[in-house]
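Thank you all for coming.

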Amino acid sequence: MCYVLGVAGTQGAPMGRPREFDTDEALDRAMEVFWRQGYEATTLGDLTAAMNIGKPSLYAAFGNKEQLFRLVLDRYSEGPGSYGVRAAEQPTARQVVEAFLKGTVETTTQPQCPQGCLGVQGALAASDDGVAVHDLLAAWRERARGELELRFRRAVAEGDLRSDADPGRLARYVMTLSFGLAVQAAGGVARDELFKVVDEVMLSWRS
């Protein structure tokens, strides 16, 4: 079972009768289902079975399927997906890129977790019911790209990157590599092999 450690609870117990289940654990179990199956393929039956609660309890604690997914995405961002925030804290642009890509590999190949990225797996929505989640994940990915762009703009200002470097294009390049690694991980490519891909990318890095 893949659990998120060190993430504050999203939902507190309501006033009156306490809940008979742990909301943090339930969210972690829901995250694993969405992560493994994507939003569209996941049914309420899948979720209630994994979370070990009934539909009335799910609705009362988390709302509908879309609302639950939004809570799960926040939890993923604060837990497994937080490598991007840590990468941006590295002192040089080169180290930012390397940490970001290695963080992608580490997160998408965890032995006890689904392979791949929740932000990629969850985006496989095709019906009208999945449009809102598709748009949510598109915005989530664009936000990550924007944060990288800001970090690279700072690197240019500090002289760490060439003055003619394009921070926006560089950020999109890194995101493209990251999601490519995630797709490879979901397809079963081994962690060691993906780390070698990152090493190959870094060999061609120039500031």
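What you see is a predicted model, in which local features need pLDDT of at least 70 and side-chain atom pairs count only at pLDDT 80 or more, while totals for chains, interfaces and linings use all residues. Residues are numbered from 1 along each chain as its sequence is written, and side-chain values use heavy atoms, with hydrogens and water left out.

H1 (residues 23-37) packs with H2 (residues 44-51) at an angle of about 140°, their axes being 8 Å apart; axes are lines fitted to C-alpha atoms over the stretch in contact, and angles run from 0 to 180 degrees between N-to-C directions. The two helices are therefore oblique to each other, given that angles under 35 degrees count as roughly parallel, over 145 as roughly antiparallel, 65 to 115 as roughly perpendicular and the rest as oblique. On the H1 side the contact (heavy atoms within 4.5 Å) is made by Ala 26, Arg 29, Ala 30, Val 33, Phe 34 and Gln 37, and on the H2 side by Asp 46, Leu 47, Ala 50 and Met 51. By class, that gives seven nonpolar, one polar and two charged residues, where Ala, Val, Leu, Ile, Met, Phe, Trp, Tyr, Cys and Pro count as nonpolar, Asp, Glu, Lys and Arg as charged, and the others, Gly among them, as polar.

In UniProt, an unreviewed entry lists residues 43-62 as "DNA-binding region", an annotation that may be inferred rather than shown by experiment. In the model this span is 80% helix and 0% strand, and its end C-alpha atoms lie 15 Å apart.

Now to H6 (residues 93-108) and H10 (residues 191-203), which pack at about 165° with their axes 9 Å apart. That makes H6 roughly antiparallel to H10. Their contact includes Val 97 and Leu 101 of H6 and Leu 194 and Phe 195 of H10, and its residues divide into eight nonpolar, no polar and six charged.

The axes of H8 (residues 131-157) and H9 (residues 167-186) come within 8 Å and cross at roughly 130°, which makes H8 oblique to H9. This contact has 10 nonpolar, one polar and six charged residues.

Finally, how many salt bridges are there? Taking a side-chain nitrogen of Lys or Arg within 4 Å of a carboxyl oxygen of Asp or Glu, the count comes to 14. One of them joins Arg 70 to Glu 66, with the closest N and O atoms 3.1 Å apart. Because Arg 70 and Glu 66 are four residues apart in helix H4 (residues 65-78), they are separated by about one helical turn.
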